[in-house]
Amino acid sequence: MCGIIGINSSKPVSATIINSLKKLEYRGYDSAGIATLSAGLINEVKSEGRVDNLEKDSLVQNMQGTIGIGHVRWATHGLPNSINAHPHSSQNVSVVHNGIIENSTLLKKFLVSKGHKFKSQTDTEVIVHLITEYLKTKNIIDSIKKTLKSLHGSFALGILFKDQPDLIVGARRGSPLAVGYGPNENYLGSDSYALKSMTNKITYLNDGEFCFIKKDQVEFFNNEGIKINKKVLQLSSEEQKYDKGDYKHFMAKEIDEQPKTLKNGINEYLDNINNDINIYNFPWKISEISSVLLIGCGTAYHSCLMAKYWFEQITSLDVNVDIASEFRYRKNRFKKDTLYVFVSQSGETADTYAALDLCKQNGMKTCSVVNIIESSIARDSDFVLPIHCGIEIGVASTKAFLGQMLILYILCLKLSFLRKDLDKDNFIKKLIDLKKLPKLVDQTLLTDNKIQSVSSSFNEAKGSMFLGRGFSYPIALEGALKLKELSYIHAEGYPAGEMKHGPLALIEEGMPVVVLAPRDSYYKKTISNMQEVIARGAKVLLITNKSEDEIISENIWETLEVENTNEDLLPFLLTIPLQKLAYYSALKKGYDIDKPRNLAKSVTVE
Ligand code: M6R
């Protein structure tokens, strides 16, 4: 949510800031802005919409200055327009902000009473005026300290001062922030992705810390303003060049990359020589764990839900799943013998991070399944299982979903084997099947034409439903989420057996319904539920797996068959046509597939 960039250099910075903002657009894209210092003045240019609009502004093209900050916004307070876009500036101070200031109304009252005039509807503007107010009587460190202490809520900040031509201040509480080091220049960024094209030397700020970024030096401070030393991390350059290639959209590329995602994960975790799973340095004895709680948001929550079915089926562990935003505010009964697993592509999702933090404060065992290994969730959990799927840019999560499911399945098999729930033969059998999965996903990706043609019916309908039972139920939820997110069509994921308890009333003549009914142990039951919706006029797209057995049902609108594998792994294959359905449906509607309206890739506000 929102992206920050700051550059302090001896060369002009505006073009580089604009390029970095383009990279950050996946974090927020309803408005953008830039501020630089030149000739002792703060120059600020902002525009509604994409960074392209900002770039075209002649003021930006002629912008001077070797020090500056930029921002892409995902609106929380105030409409997405150029007035509310960041940076926000007084005569002396300019600020970019990610996060939410919860006490902004009170602070604003105080500042108005001191004569400050506000231009925007944002919560951020209070930060500008607080610093300006405190600078009247204090030095920079003290005014920053006092400002940060006055703020309730979450923030990552980049701050420029009119009278400090060699200083950007960065500060963090709750929202991620990184510092990058270059030759005779240094940077500030809301994530390492924005900085990677300029440097692979990074330092992450921890909560409560702030920093002074000068051209040739960076100083770090704790919340008391005491100088601290921080590690410089060397990042891999592997992800530095990630582009769309010949694809129209990142999402299409990311869907097609899924066999590679699975191969990477399998190569990383499976030991082919010893027929085992490599999970090194697991910090707990297996006897110390008797239950697992899986926590995530959105698509990551769906992968947790999927894992619940596997854990219940394959292990004797108790397993539960929770949505992070619910977990963090409930009265939880923390248990020492529970393994708390946090699933997140970005590793920066505010609710998931808060849930992790709560578990840590209560001394629990925490493990994270993340894609970005430098992320806050990865850094702050006791143990990390990376999903190795490479950067995911499309706001709709695709390859990360398959990656998360893979790692959770691998963890489930390993724990099950260690607990002796699964004997060696069955363990090896499952590993053999798993190794074949990337190829099966590759073949399933070929089911393009039928999905393209049925997508029109979904676009024309008032709404649609996605039904599944057992292993297919979390996938039905995920299919519905993808369609809503990309095509803005009302789509409801439901357990097929639950329809008769209410939602069946929604079914009317011609309503498109996706029924996920692979030939697993739930097959016959799901087919019965499918007949119930067909009888009420639904147009059913049945997605099942290839089999010699004929499908005994009449009046199915369309049938699509994915490849065949064991019951555990079918969910991976069922996911593919659902991702494509959402993609084609949005494509036909001409929507912005990689940046759906109102959303952002990394949700760093609660
Ligand atoms: O980065 P995370 O995996 O923690 O993100 C969680 C959700 O915000 C994310 O999965 C969201 O639901 C996706 N846009 C769905 O495609």
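Tutor: The largest pocket has a volume of about 590 Å³ in this predicted model. Its lining is made up of 29 residues, and those closest to the centre of the pocket are Cys297, Gly298, Thr299, Glu485 and Val603. If you sort the lining by class, you will find 12 nonpolar, 10 polar and 7 charged residues. The largest share, 4 residues, comes from α17.

The largest pocket is where the ligand sits. Around the ligand you can find 14 residues, with Ser344, Gln345, Ser346, Thr349 and Glu485 as the closest. This shell divides into 5 nonpolar, 7 polar and 2 charged residues. Two helices, α10 (298-314) and α17 (473-487), each provide at least two residues of the shell. Here the largest share, 3 residues, belongs to α10, whereas α17 gives the largest share of the pocket lining.

Next, zoom in on some individual contacts. Thr349 has a polar side-chain atom 2.5 Å from an oxygen atom of the ligand. Glu485, which is among the residues closest to the pocket centre, places a polar side-chain atom 2.5 Å from a nitrogen atom of the ligand. Val395 takes part through its backbone: one of its N or O atoms lies 3.0 Å from a ligand nitrogen atom. As for cover, the ligand has 420 Å² of accessible area on its own, and the protein covers 90% of it.

Rolling a probe the size of a water molecule over the atoms shows where empty space is left. In this model, the count comes to 3 cavities of 30 Å³ or more. The largest cavity holds about 220 Å³ of space. Its lining has 22 residues, and Tyr26, Asp191, Ser192, Ser346 and Ile372 lie nearest its centre. By class, the lining of this cavity has 7 nonpolar, 6 polar and 9 charged residues.

Terms used. Residues numbered from 1 in each chain as written. Predicted model: local features only at pLDDT ≥ 70, side-chain atom pairs only at ≥ 80, totals over all residues. Heavy atoms only, no water. Near = heavy atom within 4 Å. Polar contact = N/O pair within 3.5 Å; in protein donor to acceptor, adjacent residues only side chain to side chain. Areas by Shrake-Rupley, 256 points an atom, 1.4 Å probe, with all protein chains shown as cover. 1 Å grid on protein atoms, 1.4 Å probe; cavity = no way out; pocket = protein on both sides within 12 Å on 5 of 7 lines; lining within 4 Å. Sits in = over half its atoms within 2 Å of the grid points. Nonpolar A, V, L, I, M, F, W, Y, C, P; charged D, E, K, R; others polar. Points joined across faces, edges and corners; volume = space filled by probe spheres on them.
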